[in-house]
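Good morning, colleagues. I shall present one structure today, and I ask that you keep it in view as I speak.

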Amino acid sequence: MCDDFDTRIADVTRVAGGALVLAACALTGRGVKKIEQLIKPGDTAVFIGTSGVGKSSLINRLYGEDIQATVEVRTHDAKRPAYHFVARDDFPPPRRRGH
Ligand SMILES: Nc1nc2c(ncn2[C@@H]2O[C@H](COP(=O)(O)OP(=O)(O)OP(=O)(O)O)[C@@H](O)[C@H]2O)c(=O)[nH]1
Ligand SMILES: [Mg+2]
């Protein structure tokens, strides 16, 4: 995460229209627990964001296993494969799986 973490959260909160703003890192797991606690059994959670923003990585973190393929982003120009721009996947929340 960035160095001025608290400032960035405050900036986003200011324009979020009252929505709860949380930050999480899918690579380290920092902040992921707070998101997990918001998703109750039976809830439908929607992960929205530009390709490469980290939706699949976060979902994998929440599940504790790789159920979504992730994409390597080219850092020099942020280009990703076009076929990753649209995706719709349905899977039950982690707590509702039978194991
Ligand atoms: N530093 C950092 N990198 C991340 C984080 N989450 C994801 N990434 C990296 O960002 C890249 C893209 O992540 P994905 O999870 O594949 O992104 P996505 O939003 O699912 O992309 P699409 O499936 O194309 O829509 C991968 O190389 C991840 O390792 C994060 O929290 N921190
Ligand atoms: Mg994805």
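Valine 12 is partly exposed, because 13 other C-beta atoms lie within 10 Å. By the convention used here, a residue is buried if 20 or more other C-beta atoms lie within 10 Å of its own, exposed if 12 or fewer, and partly exposed in between, with C-beta atoms placed from the backbone.

Before I continue, a note on the source: this is a predicted model, in which local features need pLDDT of at least 70 and side-chain atom pairs count only at pLDDT 80 or more, while totals for chains, interfaces and linings use all residues. Residues are numbered from 1 along each chain as its sequence is written, and chains are lettered from A and ligands numbered from 1 in the order in which they are written.

Valine 12 belongs to helix H1, residues 5-14. Between valine 12 and leucine 22 the C-alpha to C-alpha distance is 9.5 Å, at a sequence separation of 10 residues.

How many helices and strands does the chain have? There are three helices and zero strands, giving the pattern α-α-α along the sequence. Helices (H or I, at least four residues) and strands (E, at least two) are DSSP runs, numbered from the N terminus.

Of the 99 residues in the chain, 5% are buried. Helix H3, residues 55-63, contains the buried residues Ser56, Leu58, Arg61 and Leu62. Their cover includes helix H2, residues 32-38. Just after H3, glycine 64 adopts a positive phi of about 80 degrees.

Conventions: Contact = placed C-beta atoms within 7 Å.
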